[in-house]
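Biologist: I should be grateful for a close look at a single part of this model, together with its surroundings. Please set it in the context of the whole fold.

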Amino acid sequence: MERPMTDSTPAAGQRSVWLTRKEAARYLRLGESTLAKLFVSGTGPAAIKVGRSVRYGLTDLDAWMSSRRRRSTSDAGTSAV
């Protein structure tokens with residue numbers, strides 16, 4: 001059974017994978033500063049703060065990337081009604 005894309009809770013017996021901003025940026029092939037700006041604006045992948053550090057769940061990164069999928073440059077994606 002697949003987990004919902006918005007749920008970053010691991011399935012039973014699985015560990016969560018948490019990446020630093022540098023690791024997450026490398027995984028997404030984005031610049032660290034771009035990922036930081038997306039976090040500040042609230043338009044990037046979900047993250048958690050631990051003190052001054054930010055961590056990104058691998059499943060959250062995958063879900064965010066999937067949500068950005070488009071069929072063409074004019075495709076605005078699905079909008080909330």
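Which residue follows α1, and is its phi positive or negative?

Modeller: Helix α1 is followed by Arg29, and the phi of Arg29 is positive, near 60°. Helices (H or I, at least four residues) and strands (E, at least two) are taken here as DSSP runs, numbered from the N terminus. Arg29 adopts this positive phi although it is not a glycine. Most residues other than glycine have a negative phi. Arg29 sits in the loop that links α1 to α2. Arg29 counts as exposed because its relative accessibility is 78%; buried stands for under 20% relative accessible area, exposed for over 50%, and partly exposed for anything in between, with a 1.4 Å probe and protein chains only.

The model is predicted, so local features are described at pLDDT of at least 70 and side-chain atom pairs at pLDDT 80 or more, whereas totals for chains, interfaces and linings use all residues. Residues are numbered from 1 along each chain as its sequence is written, and side-chain values rest on heavy atoms, with hydrogens and water left out. The predictor's confidence in each residue is the pLDDT, on a scale from 0 to 100. Its mean over the protein is 85, and 79% of the residues reach 70 or more. Over residues 1-6 the pLDDT is below 50, and beyond near neighbours in sequence this stretch has 7 contacts in the model, a contact meaning heavy atoms within 4.5 Å. Where pLDDT is low, the predicted coordinates should not be read in detail.

The helix itself may now be considered. Ala24 belongs to α1, which spans residues 21-28. The buried residues of α1 are Ala24, Ala25 and Leu28. They lie on the same side of the helix because they cover an arc of only 100° around its axis; the arc is that of the directions from the helix axis to the C-beta atoms. These buried residues pack against β1, α2 (32-41), β3 and α3 (58-67).

Ala24 is buried, with a relative accessible area of 0%. Apart from its neighbours within four places in sequence, Ala24 is in contact with Leu19, Leu35, Tyr56 and Leu61. The C-alpha atom of Ala24 is separated by 7.6 Å from that of Leu61, 37 residues apart along the chain. Leu28, also in α1, counts as buried at 8% relative accessibility. With neighbours within four places in sequence set aside, its contacts are Leu35, Pro45, Leu61, Trp64 and Met65. Leu28 and Leu61 are 33 residues apart along the chain, and their C-alpha atoms are separated by 7.6 Å.

Two strands are said to pair if DSSP finds at least two bridges between them. Strand β1 (residues 18-20) is joined to β3 (residues 53-57) by 3 bridges, and Leu19 stands opposite Tyr56 in β3. Strand β2 (residues 48-50) is likewise joined to β3 by 3 bridges, Val50 having Ser53 as its bridge partner in β3. These two strands form a hairpin with 2 residues between them, and Gly51 in the turn has a positive phi of about 65°.

Of its 81 residues, 19% count as buried.
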